[in-house]
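Work through the exercises below with the sequence and the model side by side. Try each task before reading its solution.

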Amino acid sequence: METAKQTVTVETTVHAPVEQVWAFWTQPEHITQWSFASDDWHAPRAENDLRVGGTFVTRLEAKDGSFGFDLGGVYDEVRTHEFISYTMGDGRKVEISFIRQDNDTNVIESFDAESANPVEMQRAGWQAFLDNFKKYSETAK
């Protein structure tokens, strides 16, 4: 019996203009600074071909060397400073909206949940990435 897909949404408001938020989200030199959920992980490498049909990959590794994996996908839609959608390697869909609010940016990320882990665990993990992004975006220049 097949279970219905569940979409999970996480969001944050970054106290930075949308142009800066977009750059930090999409440029590999910035992605490697925030794309991990906790301080015991890091992202030593990122590649990003930000266009429809383009691919991206970010290498995530535990700092102690015990585990690592590549997170990647193919872009389905890109609207500069507004919206990105992509399909992950396992076929799940992700959408990210960047909403300008004066000098702040609301970032809303929705993703298809996978079936191996509880939805709340997935939500917490994706929110941790987003919280790390917010922290980086508000302190980096």
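This is a predicted model: local features need pLDDT of at least 70, side-chain atom pairs count only at pLDDT 80 or more; totals for chains, interfaces and linings use all residues.

Residues are numbered from 1 along each chain as its sequence is written, and side-chain values use heavy atoms, with hydrogens and water left out.

**Exercise 1. State the pattern of helices and strands along the protein chain.**

Step 1. Count the elements: the protein chain has 3 helices and 7 strands. Both are DSSP runs, numbered from the N terminus: helices are H or I with at least four residues, strands E with at least two.
Step 2. Read along the sequence: the pattern is β-α-α-β-β-β-β-β-β-α.

**Exercise 2. Is threonine 105 buried or exposed?**

Step 1. Locate threonine 105: it lies in strand β7, residues 104-112.
Step 2. Apply the cut-offs: buried means under 20% relative accessible area, exposed over 50%, partly exposed in between (1.4 Å probe, protein chains only).
Step 3. Threonine 105 has 0% relative accessibility, so it counts as buried.

**Exercise 3. Which residues surround threonine 105 in contact, leaving aside neighbours within four places in sequence?**

Step 1. Contact means heavy atoms within 4.5 Å.
Step 2. The partners of threonine 105 are Thr12, Thr13, Val14, Ala16, Pro17, Val18, Val21, Phe98 and Ile99.
Step 3. Look at valine 18: the threonine 105 side chain reaches its backbone nitrogen at 3.0 Å.

Key
A polar contact is a pair of N or O atoms within 3.5 Å; within protein, one must be able to donate a hydrogen and the other to accept it, and residues adjacent in sequence count only if both atoms are side-chain atoms.
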